[in-house]
Amino acid sequence: MRYDTIDARLVDTMTEESKPVLACRNLNKSFSDAGQTLNVLTNVELSVAPGERLAIIGRSGAGKTTLLQLLGGLDLPTSGTVEVQDRDLATLSNRDRGVLRNEALGFVYQFHHLLPEFTALENVAMPLLMRKDAVSDSLQRATDVLEQVGLGERLTHRPGELSGGERQRAAVARALVTRPAVILADEPTGNLDKQTGETVFDLMLELNEQAGSSLIVVTHDLDLAQRMDRVLELDQGGLTEWSGA
């Protein structure tokens with residue numbers, strides 16, 4: 001085999017690894033209220049590397065949740081672009097955007113959003129079943145991830161039969177079950193007491209490292225934020241590196 005062919009393949013591999021898994025360019029979001037325009041995000045720039053851990057902090061009402069919704073394709077920007085794995089979310093149909101969310105993104109919210117009528121196993125398997133993976137494979141994968149988060153003995157329990165920390169661990173398992181490229185977490189420990197919250201956050205970091213997924217966390221907790229690779233602050237519509245002050 002020619003060495004220049006080998007070199008070319010190596011360069012291609014390195015280029016793929018260096019590409020951001022998620023990026024937004026000149027991102028703007030505004031809302032109209034009573035005839036007035038409210039600018040929530042202004043010219044936001046962000047690039048997230050594969051496997052990177054990123055925290056976004058800011059005061060209440062700064063637009064952190066709005067930004068996370070745009071990054072996850074749950075809302076569309078007023079202008080600018082959000083790209084997940086080089087695909088501009090705004091150019092996709094609703095169906096294709098949903099498929100990309102299912103394949104590439106995992107979501108963890110402050111409230112677990114588990115479906116109360118289904119067991120922990122069924123809740124975690126749901127993203128796989130929705131994309132029509134084989135039922136047996138989906139349940140096995142969900143079982144494996146629930147065991148990873150310490151809920152192997154709670155597979156048949158419904159959310160109402162789980163503690164707050166267990167429900168949030170199930171939500172983390174659901175986010176990870178599809179092996180996403182990026183996990184988006186909005187105040188994932190906000191409804192938990194400090195000790196339980198730290199336990200859940202430790203688990204998220206451990207599983208994130210094992211899976212190699214990128215992790216973007218919106219949080220008010222500076223102690224948790226500073227355990228990430230980078231901390232960005234959202235203030236007056238703009239996103240900047242946190243000074244630590």
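Q: How much space lies in the second largest pocket?
A: About 160 Å³ of space lies there. Keep in mind that this is a predicted model.

Q: What makes Arg141 a lining residue of the second largest pocket?
A: A residue counts as lining when one of its atoms lies within 4 Å of a pocket point. Arg141 is on the list for this pocket, so it meets that cut-off. Others on the list include Gln148, Leu176, Arg179 and Pro180.

Q: Which helix gives the most to that lining?
A: That would be α7, with three residues. Both α5 (135-148) and α7 (194-211) supply at least two residues of the lining of the second largest pocket.

Q: Why do Arg141 and Arg179 count as charged in this lining?
A: Arg belongs to the charged class, along with Asp, Glu and Lys, so both residues fall there. By class, the lining of the second largest pocket has five nonpolar, four polar and two charged residues.

Q: Which element supplies the largest share of the lining of the largest pocket?
A: Here α3 leads, with six residues. At least two residues each come from α3 (94-104), β6 (105-108), α4 (120-130) and α6 (164-176).

Conventions: Residues numbered from 1 in each chain as written. Predicted model: local features only at pLDDT ≥ 70, side-chain atom pairs only at ≥ 80, totals over all residues. Heavy atoms only, no water. Helix = DSSP H or I, 4+ residues; strand = E, 2+ residues; numbered from the N terminus. 1 Å grid on protein atoms, 1.4 Å probe; cavity = no way out; pocket = protein on both sides within 12 Å on 5 of 7 lines; lining within 4 Å. Points joined across faces, edges and corners; volume = space filled by probe spheres on them.
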